[in-house]
Amino acid sequence: MNTIEHPDITRMRRYGDLRNDPEFFGFDYFGDEIFFGEEVVEIDGDLVLQDNLQLYLEEVCGAKFYTS
């Protein structure tokens, strides 16, 4: 189940501090903001936040994840 989290809480979990806004880097394949210091994967020129990697592999590359 997905839960909605206040943006300040998300920022605090990611960066540990609300006083210093992280520096914007760009957008990933799905349009999510990337900030300097975040873990990003580049696949064939597409930038993908690590948090979105499984989604990218499933939707773009056709990967299937399962437990054997």
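Mentor: Phe-25 has a relative accessible area of 45%, so Phe-25 counts as partly exposed; buried means under 20% relative accessible area, exposed over 50%, and partly exposed lies in between, with a 1.4 Å probe and protein chains only. Keep in mind that this is a predicted model, in which local features need pLDDT of at least 70 and side-chain atom pairs count only at pLDDT 80 or more, while totals for chains, interfaces and linings use all residues. Residues are numbered from 1 along each chain as its sequence is written, and side-chain values use heavy atoms, with hydrogens and water left out.

Trainee: What's the overall pattern along the sequence?
Mentor: The pattern is α-β-β-β-β-α, which comes to 2 helices and 4 strands; these are DSSP runs numbered from the N terminus, with helices (H or I) of at least four residues and strands (E) of at least two.

Trainee: And how much of the protein is buried?
Mentor: Of its 68 residues, 18% count as buried.

Trainee: Aromatics next: how many pairs are there?
Mentor: The count comes to 6 aromatic pairs, where rings of Phe, Tyr and Trp (its six-membered ring) pair if their centres lie within 6.5 Å, and planes under 30 degrees apart count as stacked, over 60 as edge-to-face and the rest as tilted. One of them is the edge-to-face pair of Phe-24 and Phe-35, with 6.0 Å centre to centre and 75° between the planes. Phe-24 lies in strand β1 and Phe-35 in strand β2, so this pair ties together parts that are 11 residues apart in sequence.

Trainee: Is Phe-35 buried or exposed?
Mentor: Phe-35 is buried, at a relative accessible area of 15%, whereas Phe-24 is partly exposed at 40%. Phe-25 and Phe-36 have ring centres 5.0 Å apart and planes at 90°, so they also form an edge-to-face pair. That pair links distant parts of the chain, with Phe-25 in strand β1 and Phe-36 in the loop between β2 and β3.

Trainee: Switching topic, where is Asp-28?
Mentor: Asp-28 sits in the loop between β1 (24-27) and β2 (33-35), and with a relative accessible area of 5% Asp-28 is buried. The side chain of Asp-28 makes a polar contact with the side chain of Asn-52 at 2.7 Å; such a contact is a pair of N or O atoms within 3.5 Å, where within protein one must be able to donate a hydrogen and the other to accept it, and residues adjacent in sequence count only if both atoms are side-chain atoms.

Trainee: What about Asp-44, buried or exposed?
Mentor: Asp-44 is exposed, with a relative accessible area of 78%, and its place is in the loop between β3 (40-43) and β4 (46-49). Its phi is near 50°, a positive value in a residue other than glycine. Most residues other than glycine have a negative phi.

Trainee: How do β3 and β4 run?
Mentor: They run antiparallel, joined by 4 bridges; two strands pair if DSSP finds at least two bridges between them. Val-40 has Leu-49 as its bridge partner in β4, and Ile-43 stands opposite Asp-46.

Trainee: Last one: how many salt bridges?
Mentor: A search of the whole structure finds 1, taking a salt bridge as a side-chain nitrogen of Lys or Arg within 4 Å of a carboxyl oxygen of Asp or Glu. The side chains of Arg-13 and Glu-5 meet there at 3.1 Å, N to O; Arg-13 is exposed at 63% relative accessible area, and Glu-5 is partly exposed at 32%.
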